[in-house]
Amino acid sequence: MPRTLPFLLILAGLSACEATEADDTATDPAAAQNADYGATLADAGWADDMTVSLGDEALTLGDDGIPDHDVLEAYALMDGTTTGVSARAYSVEIPVTPVYSDSTTDTNMGTIGVAISGGVYFNPYEGDGTSIAVDNNFVVDGVPFLDTCNAHPLPDGADYHYHGVPYCITDEVDEDGAHSVLIGVLLDGFAVYGPQGEGGTAPTDLDECSGHTGATPEFPAGVYHYHLTETAPYSIDCYHGEVEVPSRP
Ligand SMILES: [Zn+2]
Ligand SMILES: [Zn+2]
C-alpha cells in the first residue's frame, strides 16, 4: 500500500486538473463567443452615415462624431460659457476576438467606446477624473451641462459623448420585458448594452466593470458584455478585456 499511495495521489491530482479545465472552458466568456462575433458586431444598428469596416482582426468604426439623434443647441460649461455640438471625424479599431482578462484596466479619459448613434462613450467622470458627470449635472439659464441622453460635447464642441444611459438611443431600440439591445462596443471589443438585463430588469450580477456573462439578443449563446446603469457608476469604470488604452493627446 505505501508504494501505491503516491500514484493514487497523482491520479487524483490529474483528474482534479481536468475537472478545473473543463469548468473554465464552460464559463470562460471569451470561449462562449461564436465564430462570427465580428460579423455580429458589424451587423449592429450603426447610424447610416457611419463607416463600418470588418477585417480579420478588427472592426473599424468611423463617423463625424455627430449622433443621429437630436442634440441641444447649447450645453453649459464649467466656466459659465456654453458650447454647441460640432463635427470631428474619428476612426476607431475594435478587436473582433476580445480576450477576457481576470485583471481589469481602469477606463481612460476620452473615448472608451463607440455608440451606434455615431457618438462615443466616456467613462463616468468629468475632466477632474473623480466627479461623476451624471451626479453633477447643472443648468445655467436653462442650458444644461448634460442633455437627457446623459451626454454633451467637449468644450470645443467635438466628441459628443455619453456618461450614462443614452436614453436617446435606448428609448428607440429597447423593448419592455426584454434584455437591452446592443448599442455600441468598448475599445476592448466587448459590447455595450442599456440598463435592462434578462427579463427587462436591471441585472443584479454585474462585476466591478458593470459587466457580466449571459445571453443577449445578438448573442443568445451567452457572451461577456457591459451594461450602462441607471445608478452609479452609470458608465463603465473599467475594461475586463485586454485593451490598449489610448494615450490622451
Ligand atoms: Zn463629458
Ligand atoms: Zn446583460
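Of the 249 residues of the chain, 38% count as buried. A residue is buried if 20 or more other C-beta atoms lie within 10 Å of its own, exposed if 12 or fewer, and partly exposed in between, with C-beta atoms placed from the backbone. The model is predicted; local features need pLDDT of at least 70, side-chain atom pairs count only at pLDDT 80 or more, and totals for chains, interfaces and linings use all residues. Residues are numbered from 1 along each chain as its sequence is written, while chains are lettered from A and ligands numbered from 1 in the order in which they are written.

Confidence is given as pLDDT, the predictor's confidence in each residue, from 0 to 100. The chain average is 88. A score of at least 70 is reached by 85% of the residues. Residues 1-26 stay under 50. For that stretch the model has one contact beyond four places in sequence. Two residues are in contact if their C-beta atoms, placed from the backbone, lie within 7 Å. Where pLDDT is low, the predicted coordinates should not be read in detail.

The chain has four helices and 17 strands. Both are DSSP runs numbered from the N terminus: helices (H or I) have at least four residues, strands (E) at least two. Among contacts between residues at least 6 apart in sequence, 63% join residues at least 24 apart.

Eight strands form an open sheet with mixed pairing. Their order is E11-E12-E8-E7-E13-E14-E16-E15. Strand E11 (151-152) and strand E15 (211-214) stand at the edges, each with a single partner strand, so one side of each lacks a neighbour in the sheet. Two strands pair if DSSP finds at least two bridges between them. Strand E8 (residues 120-121) and strand E12 (residues 161-162) run parallel and are joined by two bridges. Here Val 120 stands opposite His 161.

A second open sheet holds three strands in the order E1-E2-E5, with antiparallel pairing. Its edge strands, E1 and E5, each pair on one side only. Neighbouring strands of this sheet are turned by 15 degrees against each other on average, direction ignored. Axes are lines fitted to C-alpha atoms, for helices over the stretch in contact, and angles run from 0 to 180 degrees between N-to-C directions.

Strand E1 (residues 51-54) is joined to E2 by four bridges. The two are linked by a hairpin of three residues. Thr 51 has Gly 62 of E2 as its bridge partner. On the E5 side (residues 90-95), six bridges join that strand to E2. Ala 58 is partnered with Pro 95, and Leu 61 stands opposite Val 92. In a regular strand the side chains alternate between the two faces of the sheet. In strand E2 (residues 58-63), Leu 59, Leu 61 and Asp 63 make up the covered face. Ala 58, Thr 60 and Gly 62 make up the uncovered one.

The largest nonpolar core has 49 residues. Such a core is a set of buried Ala, Val, Leu, Ile, Met, Phe, Trp, Tyr and Cys residues joined through C-beta atoms within 7 Å. Ala 115, Ile 183, Leu 186 and Val 192 touch the most other members. Strand E13 (residues 182-186) gives the largest share of this core, four residues. Beyond its neighbours within four places in sequence, Val 192 is in contact with Gly 113, Tyr 121, Ile 183, Gly 184, Val 185, Leu 186, Tyr 226 and Leu 228. In soluble globular proteins, nonpolar side chains tend to be buried together.

Several local backbone features were also found. Asp 141 has a positive phi of about 50 degrees although it is not a glycine. Asp 141 sits in the loop between strand E9 (139-140) and E10. Asp 141 is exposed, with 8 other C-beta atoms within 10 Å. Pro 144 lies in strand E10 (residues 143-144). With 16 C-beta neighbours inside 10 Å, Pro 144 is partly exposed. Leaving aside neighbours within four places in sequence, Pro 144 is in contact with Tyr 75, Ala 76, Asn 137 and Val 139. Pro 144 and Leu 72 are 72 residues apart in sequence, yet 9.1 Å apart in space, C-alpha to C-alpha.

Asn 150, in the loop between E10 and E11, also has a positive phi, near 60 degrees. Asn 150 counts as buried, with 22 C-beta neighbours inside 10 Å. A cis peptide bond joins Ala 232 and Pro 233, with omega about 10 degrees. Pro 233 is found in the loop between strand E16 (223-227) and strand E17 (238-241).
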